[in-house]
Amino acid sequence: MPSPTDAGGAKSPRPWLDWYRDQRWRGPNGRRIKQLAAEPWCRFHAKRGERVKATTVDHIEPHRGDPDRFWNGALQSLCHHCHSAVKQSHEAGRRFGCDAAGAPTDPSHPWFEGGKRSGKAEGER
Ligand SMILES: [Zn+2]
């Protein structure tokens, strides 16, 4: 792992934005490519029996800046639209409804908890 060159500078409040630019994520052998190769179709649409090409790789369990979850957590392939719906759900902190786009209603997904998971501390660095 290369050492950061911006030591002493302003710290990004969202270090994972850099992780998404990391070769380990988006490189030719990165997690993103591997996930899309393994699952080329949007998972949410697939649940409805539809085939939509996935363009986005999403963390099933929100990583919330936790590098372990980011690099080791389970992934799913989504189309741009479904991924946006997931994001909005996170930011709004509320449950998914069912929307016209066919957003998932699967209540077993961790993000439906919308908040902290009991027993686990938020990531400390
Ligand atoms: Zn989709």
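What follows is a friendly talk about a predicted model of a protein.

Colleague: How are residues numbered, and which pLDDT is needed for local features?
Modeller: Residues are counted from 1 along each chain as its sequence is written. In this predicted model, totals for chains, interfaces and linings use all residues, side-chain atom pairs count only at pLDDT 80 or more, and local features need pLDDT of at least 70.

Colleague: In what order do the elements of the protein run?
Modeller: Helices (H or I, at least four residues) and strands (E, at least two) are DSSP runs, numbered from the N terminus. The protein has 6 helices and 2 strands. From the N terminus on, the order is α-α-α-α-β-α-β-α.

Colleague: Which helix has the lowest mean pLDDT among the elements?
Modeller: The pLDDT is the predictor's confidence in each residue, from 0 to 100. Its mean over the protein is 78, and 62% of the residues reach 70 or more. Among the elements, the highest mean, 98, belongs to helix α3 (residues 31-38), while the lowest, 83, belongs to helix α6 (residues 80-92).

Colleague: Is Val-86 buried or exposed?
Modeller: Val-86 is found in helix α6. A residue is buried if 20 or more other C-beta atoms, placed from the backbone, lie within 10 Å of its own C-beta, exposed if 12 or fewer do, and partly exposed in between. Because Val-86 has 22 C-beta neighbours inside 10 Å, Val-86 counts as buried.

Colleague: How far apart in space are Val-86 and Asp-58?
Modeller: In sequence, Val-86 and Asp-58 are 28 residues apart. Going from C-alpha to C-alpha, the distance in space is 9.0 Å.

Colleague: Which residues is Gly-73 in contact with, leaving aside its neighbours within four places in sequence?
Modeller: Gly-73 lies in the loop between α5 and β2 (75-78). Two residues are in contact if their C-beta atoms, placed from the backbone, lie within 7 Å. With those neighbours left aside, the contacts of Gly-73 are His-59, Ile-60, Glu-61 and His-63.

Colleague: Why is Gly-73 partly exposed?
Modeller: The C-alpha atoms of Gly-73 and His-63 are separated by 7.7 Å. Gly-73 is partly exposed because its count of other C-beta atoms within 10 Å is 15.

Colleague: What is the phi of Arg-64?
Modeller: Arg-64 sits in the loop between β1 (56-59) and α5 (67-72). Most residues other than glycine have a negative phi. Arg-64 is not a glycine, yet its phi is positive, at about 50 degrees.
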